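User: Can you walk me through this model? I'll ask as I go.

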Amino acid sequence: MSVMVKESPISEKDMIAEAEKALADISRIRDGVGRVIFGQENVVERTLVALLAGGHALLVGVPGLAKTKLVETLGVVLGLDSRRIQFTPDLMPSDILGSEVMEQDEFGKRSFRFISGPIFAQLLMADEINRASPRTQSALLQAMQEYHVTIAGARHDLPAPFHVLATQNPLEQEGTYPLPEAQLDRFLMQVDILYPEIEAERRILLETTGVEDAKAQNVLQPARLKEIQTLIRRMPVPESVVEAILTLVRSARPSQGNAETDKLVAWGPGPRASQALMLCTRARALYDGRLAPSVDDVRALAEPVLQHRMALTFAARAEGTSVRDVVAKLVKGI
């Protein structure tokens with residue numbers, strides 16, 4: 001995630017007018033997604049918050065919970081140029097980034113030409129990302145952080161906006177590789193997808209087993225999404241929210257004076273976690289129709305922002321403690 005840059009000042013009246021316009025667009029986005037994805041309001045909210053904040057998200061859930069369907073739907077609804085990469089053990093970095101090929105013209109002169117890979121998209125679906133080796137997964141690191149890739153010493157900028165939505169199945173371990181910590185840190189949030197409520201599942205049964213399925217419709221253009229992302233970065237953040245973010249993130253790190261954390265946490269979140277919370281709390285506030293975030297937004301987003309940026313000690317794992325348990329305890333302290 002890039003370092004936050006101060007935007008030019010904007011009057012309160014203009015801010016309210018822009019926010020009202022953005023709220024109408026966000027409402028149309030929610031309705032568009034809701035036509036295809038039934039239930040899972042919390043999952044849709046967190047994924048959209050990650051996109052509105054300009055970041056990437058890791059969707060974790062067992063098979064059949066519409067992870068891939070959600071990403072495809074978001075691509076259509078938001079009007080983004082979308083590509084999908086099915087991660088497999090034999091996938092190579094060049095299969096993601098692209099490669100140079102040698103060509104010979106009619107005069108016999110040879111030269112190299114770059115053929116771009118599927119990463120050159122506004123929305124990249126990294127399907128079952130943990131099935132590729134860390135060597136291949138690391139091909140995404142520069143793109144997710146710096147929004148360009150370097151091939152044979154030449155810089156190639158990615159389209160804007162650029163988002164990675166990756167899916168992961170937490171059950172299967174055969175033929176999978178753990179995601180490197182450096183890559184996990186580049187995901188703004190980890191969104192856990194649980195089984196749907198009974199009414200949502202009843203609707204799924206009735207509406208997806210007929211002759212025709214509901215189709216997603218485009219309601220927004222990429223340029224408008226970028227405008228909303230800029231508006232979110234301009235939203236004011238109360239000092240109480242800044243202090244809550246600092247208190248929460250720093251308390252999640254060992255050797256910072258928190259005895260409980262020292263006992264349970266092997267390594268904790270870095271400054272990217274604080275940046276992620278700053279952006280995501282603003283995006284969640286706008287998503288809910290508010291012009292400024294509150295401490296409740298920090299509490300609500302603590303788990304998806306922090307859980308993939310922390311590792312527990314052996315003693316904590318032996319006692320059956322989970323990262324979610326640790327984050328829940330830390331949240332009570334803000």
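User: What should I know before reading any values?
Analyst: This is a predicted model, in which local features need pLDDT of at least 70 and side-chain atom pairs count only at pLDDT 80 or more, while totals for chains, interfaces and linings use all residues. Residues are numbered from 1 along each chain as its sequence is written, and side-chain values use heavy atoms, with hydrogens and water left out.

User: OK, α10. How many residues, and what does it span?
Analyst: Helix α10 covers residues 239-251, which is 13 residues, and reaches 18 Å from first to last C-alpha, close to the expected 18 Å. That expectation is 1.5 Å times one less than the number of residues. Helices are DSSP runs of H or I with at least four residues, strands are E runs of at least two, and both are numbered from the N terminus.

User: Which residues of α10 are buried?
Analyst: Val241, Ala244, Ile245, Leu248, Val249 and Ser251. Buried means under 20% relative accessible area, exposed over 50%, partly exposed in between (1.4 Å probe, protein chains only).

User: Where do they sit around the axis of α10?
Analyst: The buried residues of α10 fall within an arc of 170 degrees, so they line one face of the helix. The arc is taken from the directions of the C-beta atoms from the helix axis.

User: And what covers them?
Analyst: The cover includes α11 (259-264), α12 (271-287), α13 (295-306) and α15 (323-331).

User: Switching to Gly270. Where is it, and what does it touch?
Analyst: Gly270 is in the loop between β10 (265-267) and α12. Leaving out residues up to four places away in sequence, Gly270 touches Val249 and Arg253; contact means heavy atoms within 4.5 Å. Gly270 is partly exposed, at 23% relative accessible area.

User: Which annotation covers residues 262-329?
Analyst: An unreviewed UniProt entry gives "domain: ChlI/MoxR AAA lid" for residues 262-329. Over that range the chain is 65% helix and 7% strand, with the end C-alpha atoms 14 Å apart.

User: What lines the largest pocket?
Analyst: The lining has 26 residues, with Gln168, Leu184, Gln190, Gln307 and His308 nearest the centre of the pocket. β1 (57-60), α7 (181-184), β11 (311-312) and α15 each supply at least two lining residues. The largest pocket holds about 730 Å³ of space.

User: How many cavities of 30 Å³ or more?
Analyst: The structure holds 1. Ile37, Leu65 and Ile193 are among the residues that line the largest cavity.

Methods
UniProt positions renumbered as here; feature names shortened; annotations may be inferred. 1 Å grid on protein atoms, 1.4 Å probe; cavity = no way out; pocket = protein on both sides within 12 Å on 5 of 7 lines; lining within 4 Å. Points joined across faces, edges and corners; volume = space filled by probe spheres on them.
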